[in-house]
Amino acid sequence: MGSEEYRASDWGKSLPVPSVQELVRNDPRSLPQRYIQLHTDRPLAPVMAMAPSSSDIPILDFALLAKGDQDETRKLDLACKEWGFFQIINHGVPEEVLLKMKAAIAAFFELPLEEKNKYVQAGNDFQGYGQGYVASEEQKLDWCDVLFLITLPHEIRNLKYWADTIPGFKDAIERYSKEAQKVAEEICANISLLMGMDKDGLQRSYGNTKQAMRMNYYPPCSRPDLVLGINRHSDPDIITLLLQDDEIPGLQIKHKDEWIPVKPIRNAIVVNVGDVMEILSNGMYKSIEHRAITDESKARLSVATFMFPDDELEIGPMEGAVDEHRPRMYGKMKYLDYLRYTLGRKIEGKAHLDNTLKIKSSSS
């Protein structure tokens, strides 16, 4: 079950940086220059509070959607077209599974630094404990520590990064991974119907999938107005499921040129459209820029579960998504090359998509 020889380095690597958690533990007021964002990227004071418009982010009843309820299906269509983000309730994932997953993440980041360092990212591997998207010694850093694991299929897991010293850690991830995959597949099946195909049409296009989890620890920051937990970006996958902190808001999405906070709903799962879905749908469904802010007094935890297509898949718009009314908006590219390009540089909004596959308009 899982191989320590799997070459996850094919996805790229991230440069090692100091632990933000340890930085804060040693000096809660410390704020090195590399973490202070440029003025244009800093959180603005008005969005630090919960904006009323956060309630407008679509909330879908997953149980109704899975039964084929037409109203819920229309809400899914609107959410993917207009927002790129939505929250799902009644998703069927047992509360016990959610709580144990959150407890496993908390237990990992509570380990002493020397213990966490046993799972540190190797020089040629994106998996493990550290940070993501660090491509140079000069770039601005996120106020966040990360544990990144490939979780499905079982045979490509690299178990040297799994914290087996924590009781129940592996079982918690195993159970949540299985439930998250079921939810992701059901959502994709419904999107497939919305695109005019049968339930398996989309799955036939992207082939066998991989699942990965990014477990985030956002330490408190004495100046949350100057830093970002994670900078603005879109996700380079099919769809992402986010299990966020029930009490402390942090996720913000870009909607109509404004940063909108996503208000936590107890036991809900946040879902967002990834770049691959945008490309396959020829821009009908959009991957949306999002970011995370920090809290002045409290640490925050979250886990993002990504659904990636096969590395060898050539991604491009599906045939049925291109016609005289919607000309081709994206070229074609092997997915592994797209992922390497994306993971191998500092994240800057959707620049990775615009610079690789987006077809420039002749009028621009």
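# Packing and pairing in the model

Colleague: At what angle does α4 run to β12?
Modeller: Helix α4 lies across β3, β4, β5 (210–218), β7 and β12; helices (H or I, at least four residues) and strands (E, at least two) are DSSP runs, numbered from the N terminus. This is a predicted model, where local features need pLDDT of at least 70 and side-chain atom pairs count only at pLDDT 80 or more, while totals for chains, interfaces and linings use all residues. Residues are numbered from 1 along each chain as its sequence is written, and side-chain values use heavy atoms, with hydrogens and water left out. With axes as lines fitted to C-alpha atoms (for helices over the stretch in contact) and angles from 0 to 180 degrees between N-to-C directions, α4 runs to β12 at about 110 degrees.

Colleague: And which strands sit at the edges of the eight-stranded sheet?
Modeller: That sheet is open with mixed pairing, in the order β1-β2-β10-β7-β12-β5-β4-β3, where two strands pair if DSSP finds at least two bridges between them. Each edge strand pairs on one side only, and the two are β1 (59–61) and β3 (128–130).

Colleague: By how many degrees are neighbouring strands of this sheet turned against each other on average?
Modeller: The value ignores direction. Averaged over neighbouring strands of the sheet, the turn is 25 degrees.

Colleague: What stands opposite Gln244 in β12?
Modeller: β7 (residues 239–244) and β12 (residues 300–308) run antiparallel, joined by six bridges. In β12, the residue facing Gln244 is Ser302.

Colleague: Now charges. Is Glu72 buried or exposed?
Modeller: Glu72 meets Lys75 in a salt bridge at 3.2 Å, N to O (a side-chain nitrogen of Lys or Arg within 4 Å of a carboxyl oxygen of Asp or Glu). The two are about one helical turn apart because they sit three residues from each other in helix α3 (residues 70–83). Lys75 is partly exposed at 36% relative accessible area, where buried means under 20%, exposed over 50% and partly exposed in between (1.4 Å probe, protein chains only). At a relative accessible area of 6%, Glu72 is buried.

Colleague: Why are Lys100 and Glu96 separated by about one helical turn, and how far apart are their closest N and O atoms?
Modeller: They are about one turn apart because they lie four residues from each other in helix α4 (residues 95–109). Lys100 is partly exposed at 42% relative accessible area, and Glu96 is partly exposed at 39%. Their salt bridge has its closest N and O atoms apart by 3.1 Å.

Colleague: How many residues separate Arg157 and Glu174?
Modeller: Their side chains meet in a salt bridge at 3.0 Å, N to O. Arg157 is in the loop between β4 (145–152) and α6, and Glu174 is in helix α6, so the pair links distant parts of the chain. Arg157 counts as buried at 1% relative accessibility, whereas Glu174 counts as partly exposed at 23%.

Colleague: Which residues do salt bridges that share partners join into one network?
Modeller: The count comes to 20 salt bridges. The network made through shared partners consists of Glu95, Lys102, Asp246 and Arg266.

Colleague: There's a four-stranded sheet too; which residue in β11 is the bridge partner of Gln252?
Modeller: This open sheet has the order β6-β11-β8-β9 with antiparallel pairing, and its edge strands are β6 (230–233) and β9 (258–261). Three bridges join β8 (residues 251–255) to β11 (residues 290–292). The partner of Gln252 in β11 is Arg291.

Colleague: Last one: what does Val322 touch beyond four places in sequence?
Modeller: Val322 is found in the loop between β13 (314–315) and β14 (333–334), and is partly exposed with a relative accessible area of 26%. Its contacts are Asn282, Pro317, Pro327 and Arg328.

Terms used
Contact means heavy atoms within 4.5 Å.
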